[in-house]
Amino acid sequence: MKKNSMKKALYPLCAFLAFPLTAQALNFSGYYRLGVGGNTKGGTQSCFQLPGAPSKYRLGNECEQWSELAWDHDIALSDGSTLSGMVMGGFYNPIGHKPKFKDSNEHGGGSSRIQQMFVEWKNAAVLNGGNFWAGRRYYKRNDIHMTDFYYWNQSATGFGFDEVPIGDLRYSYVFSRKDSYWQNPYVTRHDFNVNGFKTNPGGEVQVGLSYLQKPSGDDSHSGWSVAVQHKQEGFLGGKYNTFALQYGEGPGTSLGYTGDSELDKENKSWRMVEYFDWQTTERFGGQFQLIYQKDVRPDGDNMRWLSVGVRPVYAFTETFKLSAEVGHDQIKATDGTRKLTKFTIAPTWSPGGPGFWARPELRVYYTYATWNEAAQRAATEMNPDSALSETGAFGTDRHGGNFGVQVEYWWK
């Protein structure tokens, strides 16, 4: 199955290479975060994430090396459109393991994968200036940076019509079969998006609908989800204020991904997302998030997740910042209410400037977290190696700390 999938992923690249290259340069872009850390018990850094929570607060709380390296090339066509192609590799390795960046027999070892490989026809006249793409692609990824939470993400292996303008609105459609490395079985998925509903100066609403067809199998079901999102540009001097509402049934309860196809329509999920950046002065910026999600399951495994956090950043000079982050996650489940609160302080060298989004950054950090008995009990049962577990780095304690050094950088 993996070999066939790789062959299919290579088709778009081969089609792209079949065209004669022009004198335009091959572009190189990427991202990396690299670091080393330990914990206050004397071992390797062990990160804090509440059992059942889809995300964690990142600052001083990332236990891996991660990099993405991408190459893309554009070919200008005579009709004014552009043919482009991209290949991106992703490289992962957990802290405390040899940096092999490949699948290995080592427990918890690293891995590498082709994250993106696609071709795109941009500004096509036949699509009224819209775009068409095919391959494996990051697509319409809506995420909150401070937690790396991709709450609405249509990345997939498939093809799509992108931002096709009709009147004042822009329409998109994606056909896909696989949207993550772990997805099993393959599910035929249709994503529809409409952008461009103007609400006020700088404000715009986007609406999306996903339909997941029933795969083969007696215990499989179809599902769907819907999302409505409003973005307000220039909020408090930052990028955007974002407010989103999501709802899904059956496999659509993953709200942005392909969920469990064995779930029927009686399984439902709701989610509310609110986050914003601010840059009120040249030297004071940050990010805030609030998430509430409710899962209803007929088998009784209901769950309510609340997450609230803030990361303020103040620059004392053009190149020195002090970053801090406070985050609280809480899950009300059948086994009790799990709670985790995490705090990080990180003196930061920022040669790129004083702004919140300026990179690269070199951080020295200390992180402290505390959690309750219900969180420890759930961690012991669900993930015995985790920091919150009785058999984890901090044993029966319900608090702990990490420290380390990390560099983060992205470029285009």
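A polar atom of the S220 side chain lies 3.5 Å from the backbone oxygen of S216. The model is predicted. Searches of the whole structure find one disulfide and 24 salt bridges.

**S220**
- S220 sits in the loop between strand 11 (203-212) and strand 12 (223-233).
- With a relative accessible area of 8%, S220 is buried.
- Beyond its neighbours within four places in sequence, S220 is in contact with K214, P215 and S261.

**Disulfide**
- C47 and C63 are joined by a disulfide, with an S to S distance of 2.0 Å.
- C47 and C63 both lie in the loop between strand 1 (27-39) and strand 2 (64-76), 16 residues apart.
- The disulfide of C47 and C63 is right-handed, because the torsion about its S-S bond is about 105°.
- Both cysteines, C47 and C63, are buried.

**Salt bridges**
- D397 and K41 form a salt bridge through their side chains (3.0 Å, N to O).
- D397 is in the loop between helix 2 (373-382) and strand 20 (399-411), and K41 is in the loop between strand 1 and strand 2, 356 residues apart.
- D397 is partly exposed, at 26% relative accessibility.
- E361 pairs with K321 in a salt bridge (2.7 Å, N to O), linking strand 19 (residues 361-371) to strand 17 (residues 320-333) across 40 residues.
- E361 is buried at 4% relative accessible area, and K321 is buried at 0%.
- E325 and K342 form a salt bridge (2.5 Å, N to O), and both residues are buried.
- A network of salt bridges links R33, R58, E62, E64, D148, K321, R359, E361, R363 and E408.

Note on methods
Residues are numbered from 1 along each chain as its sequence is written. This is a predicted model: local features need pLDDT of at least 70, side-chain atom pairs count only at pLDDT 80 or more; totals for chains, interfaces and linings use all residues. Side-chain values use heavy atoms; hydrogens and water are left out. Helices (H or I, at least four residues) and strands (E, at least two) are DSSP runs, numbered from the N terminus. Buried means under 20% relative accessible area, exposed over 50%, partly exposed in between (1.4 Å probe, protein chains only). A polar contact is a pair of N or O atoms within 3.5 Å; within protein, one must be able to donate a hydrogen and the other to accept it, and residues adjacent in sequence count only if both atoms are side-chain atoms. Contact means heavy atoms within 4.5 Å. A disulfide is a pair of cysteine sulfur atoms within 2.5 Å. A salt bridge is a side-chain nitrogen of Lys or Arg within 4 Å of a carboxyl oxygen of Asp or Glu.
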